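These are my notebook entries on a structure that I was asked to look through. I kept them in the order in which I looked things up.

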Amino acid sequence: MTRFARWGIGAPILAGLFAGVLAIGSARADGSGSATMDATRAKGQLACGVSGQVPGFSLPDSQGVMRGLDADTCRAVTAAVLGDAAKVKFVPTTAQNRFTALQSGEIDVLSRSTTWTLGREGNLGLNFAWVNYYDGTGFLVKKAAGVKSAKELDNATICVQPGTSTELAIADYFRVSKMKFTPILIQELSEIQGAFLSGRCDAYSTDASALATFRFSQGPKADDLVLLPDIISKEPLGVMVRKGDDKWFDMVRWTFAAMIVAEEKGITQANVDTFLTSTDPETRRLLGVEGEMGKALGLDPKFAYNVIKAVGNLGEMWDRNITPMGVPRGINNLWTKGGLQYAPPMR
Amino acid sequence: MSDAAVARKIPTIGAVAWLRANLFGSWVSTAITLALGYIVLRVGIAFVDWAFVNAIWHVPYSKTGIAETAVCQNTKGTGACWAVIVDKYRLILFGRFPYDEQWRPAVVIVLFVALFALSTIRAVWRKGTTARWVQRVALAGAGLIVLDNAVDLLLIVASVGFGVHISDPLAPVLEMLNTIGKCGLVFGLLLLWPAIGVWVATLAVIFMLMSGGILGLSVVPVDYWGGLPITLILATFGLAFAFPLAVLVALGRRSTQMPAVKTLCVVYVELIRGVPLISVLFMASVMFPLFMPPGINIDKLLRAQIAVILFAAAYLAEVVRGGLQALPKGQTEAADALGLTYWQKTGFIILPQALRLVIPPLVNTFIGFFKDTSLVLIIGIFDLLTMGKVALSDPPWQSFSTEVYVFLAFIYILFCYGMSRYSRGLERELNSARGR
């Protein structure tokens with residue numbers, strides 16, 4: 001009797017477990033082919049790693065909403081996968097834990113102004129899917145000094161943060177140009193800016209985007225400072241994903257391609273609906289009116305429409321986040337306008 | 001009556017006499033008093049000028065919502081720009097918590113302060129009823145919670161260790177039992193030991209308010225928590241769990257009959273004390289996830305919280321051990337002579353006296369840890385101090401760090417001064433027996 005009673009409870013539990021295993025097995029069978037994409041859809045949320053401390057890239061505004069180019073990149077990718085940019089979850093990461101967070105699956109996309117280098121792509125088990133900002137080392141000088149080009153900085157004193165790639169870049173640059181300079185090494189950001197403003201050094205050197213932001217933060221005094229046109233090193237800041245999930249990688253890459261094509265065609269957040277009736281074949285494929293572009297990527301056919309509706313095209317992202325910092329678009333423009341952003345055809 | 005004092009009618013009590021005795025006793029002390037008084041007055045006036053008279057509270061905003069801080073830039077150095085606090089105080093206090101839901105962290109802060117205030121009343125800590133049925137309810141509640149967690153753990157082990165993914169058909173039932181268990185436990189504790197019950201209940205409400213998901217509150221992931229609630233959660237949970245652990249470790253380290261336990265405690269304390277808090281946090285944040293199988297993510301805040309608990313416990317254990325060593329051996333021997341068991345002896349004779357002796361260094365460690373919680377910045381958790389820095393990263397406000405740091409210092413002082421005031425009161429009360 002006792003044995004029977006035990007089975008009486010055990011049988012439904014076992015049956016339930018078996019059914020559960022079956023249910024999971026079948027869910028796997030009709031997935032998208034990307035484990036990350038399936039998991040993201042199951043959760044209804046995309047975890048995107050950002051810095052959360054860099055103005056223009058990712059910084060919460062007074063209401064706590066993350067703003068910036070990196071933040072909008074996260075929104076675009078989320079709109080492509082989930083159809084709704086609001087489903088993004090911003091995870092603040094530090095320079096030290098950003099790669100671990102991606103490797104361990106705490107985040108699914110890393111969009112944290114990370115320079116694309118061979119070492120990083122080769123060693124970390126991570127891939128760079130696209131470059132969302134082509135940065136480089138630049139110089140900021142006072143207008144009163146009358147300097148027009150970096151070539152005129154011979155024998156200058158330059159404020160620079162120790163141990164950064166900037167320090168190496170200017171050392172190389174001055175050696176190649178056969179010029180001399182005196183570095184003033186200051187670690188703390190506010191101190192180095194204070195030293196430059198008080199005239200301890202002739203020029204202040206770091207990534208051009210940071211220099212432009214600093215200049216902008218001076219408000220009415222910004223006009224006293226000049227950002228020299230010379231960019232002396234390459235710092236392509238990219239979006240990273242884990243290696244081994246190619247479909248996920250494709251999704252990020254083609255989200256960018258879609259935003260670039262949209263800019264080429266003049267499709268914006270505001271007017272995207274009017275293009276749904278367009279007769280241009282590439283526009284029709286882009287917006288999912290005809291063809292199976294989205295499906296090939298494991299996405300909704302209208303993924304590009306969702307992206308544009310959420311954040312606009314690449315130029316709009318730039319205008320919203322970077323233009324207010326006073327940074328000209330330069331090499332970040334489309335290839336048709338002398339920049340580097342070039343999308344493969346959508347067909 | 002030829003005394004000069006009487007002739008000049010110099011009072012010997014009251015404010016004037018106090019001034020004479022303490023500030024103007026001799027010409028040297030008069031000179032020092034005047035010089036210091038002058039400095040205090042000058043600095044005080046300058047501060048009032050800066051903070052209130054010349055301060056700017058509002059700046060205009062452009063059409064795109066960007067603050068135009070030109071007014072502030074012009075008064076820089078002569079007047080404070082409190083407009084930065086007006087603009088950013090919600091970001092600093094509540095972090096990135098959804099704007100419309102920020103009443104939740106606000107209530108959490110109030111609850112914490114109320115909890116602290118209530119805990120300072122000694123009557124609250126008295127034992128409640130000892131009724132047998134209440135004990136049974138509490139035990140049953142704890143049992144249900146353990147059951148649910150054990151099943152969850154089993155499923156995780158099965159999925160990670162053996163690759164068997166089981167969807168738990170009993171999950172809703174277990175979830176319900178867990179909820180009933182929690183209610184039973186809190187109810188039982190409230191009657192058995194009101195103070196502990198109030199703590200458990202308040203912390204549960206705080207957790208519920210922050211994370212949401214029930215009673216129609218929207219779910220807010222931990223990544224969106226920030227500001228003062230993070231500081232208070234890390235410090236309060238940290239010290240609440242670290243203190244009992246510290247007492248056990250201190251007792252273990254002094255154990256004479258269990259060498260294995262003693263060695264374990266020594267190794268634990270020395271290992272944790274031998275490394276900086278940053279490296280423990282870093283280990284919890286960067287190394288730990290790499291050891292875990294893919295797909296298993298233990299929440300970042302929880303990892304940091306455990307690191308803080310382990311770290312604080314090691315330091316507190318040594319403070320407690322200091323108190324244990326200061327007790328005369330006669331106390332232990334007398335307790336032994338009375339035939340008390342180890343736990344009776346420790347609970348009723350040793351600890352009450354030992355802890356009383358070490359209140360100052362205990363509070364010292366508490367205050368230190370309250371401030372150390374800001375180190376969680378390095379693992380991407382944004383506490384009060386870091387939110388201040390984030391607010392300062394906004395280009396229009398970048399040059400107004402003094403105002404933001406003064407604001408942050410004010411908040412820290414409120415909490416730390418509260419702690420030291422309470423400890424002084426406690427010391428006076430507990431040591432009143434010795435003054436006799």
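**Entry 1: disulfides**

I began with the torsion about the S-S bond of A:Cys48 and A:Cys74, which is about -70°, so this disulfide is left-handed. The two cysteines sit in strand S1 (residues 46-50) and helix H3 (residues 69-82) of chain A, so the bond ties together parts that are 26 residues apart in sequence. I note that helices (H or I, at least four residues) and strands (E, at least two) are DSSP runs, numbered from the N terminus. The sulfur atoms of A:Cys48 and A:Cys74 are 2.0 Å apart, and I applied the rule that a disulfide is a pair of cysteine sulfur atoms within 2.5 Å.

For the record, I am working on a predicted model, in which local features need pLDDT of at least 70 and side-chain atom pairs count only at pLDDT 80 or more, while totals for chains, interfaces and linings use all residues. Residues are numbered from 1 along each chain as its sequence is written, chains are lettered from A and ligands numbered from 1 in the order in which they are written, and side-chain values use heavy atoms, with hydrogens and water left out.

I then checked burial (buried means under 20% relative accessible area, exposed over 50%, partly exposed in between, with a 1.4 Å probe and protein chains only). A:Cys48 has a relative accessible area of 0% and is therefore buried; A:Cys74, at 1%, also counts as buried.

How many disulfides does a search of the whole structure find over all chains? The search returns three. A second one joins A:Cys159 to A:Cys201, with an S to S distance of 1.9 Å. I find this link left-handed, with -90° about the S-S bond. It connects distant parts of the chain, 42 residues apart: A:Cys159 is in strand S8 (residues 156-160) of chain A, and A:Cys201 is in the loop between helix H7 (189-197) and strand S10 (203-207) of chain A. A:Cys159 is buried at 0%, and A:Cys201 is buried at 4%. Counting bonded cysteines along the chain, I read the pattern of chain A as 1-2, 3-4.

**Entry 2: backbone phi**

Most residues other than glycine have a negative phi, so I looked for exceptions. A:Ser113 has a positive phi of about 30°. This serine is in strand S5 (residues 109-115) of chain A and is partly exposed, at 21% relative accessibility. A:Lys178 also has a positive phi, of about 55°. I located A:Lys178 in the loop between helix H6 (165-176) and strand S9 (181-185) of chain A, where it is exposed at 75%.

**Entry 3: domains of chain A**

Chain A is divided into domain 1 (3-135 + 236-337) and domain 2 (137-233); such bounds come from an automatic or database domain assignment. Taken over C-alpha atoms, the domain centres are 35 Å apart. Seven residues of domain 1 are in contact with seven residues of domain 2, where contact means heavy atoms within 4.5 Å.

**Entry 4: chains A and B**

Which residues of chain A lose the most area to chain B? I first noted that chain A and chain B bury about 3200 Å² between them, 59% of it on carbon and sulfur atoms. They are A:Gln53, A:Ser62 and A:Pro92, together 17% of what that side buries. Buried area is the accessible area (1.4 Å probe) that two parts lose on being put together, summed over both. The contact takes 40 residues from chain A and 37 residues from chain B.

Across this interface I recorded three salt bridges. One of them pairs A:Glu106 with B:Lys300, the closest N and O atoms being 3.8 Å apart. On the side of chain A that touches chain B, the elements giving two or more residues include helix H1 (2-29), strand S4 (88-92) and helix H8 (208-217). H1(A) gives the most to that side, with seven residues.

How values were computed:
Salt bridge = Lys/Arg side-chain N within 4 Å of Asp/Glu carboxyl O.
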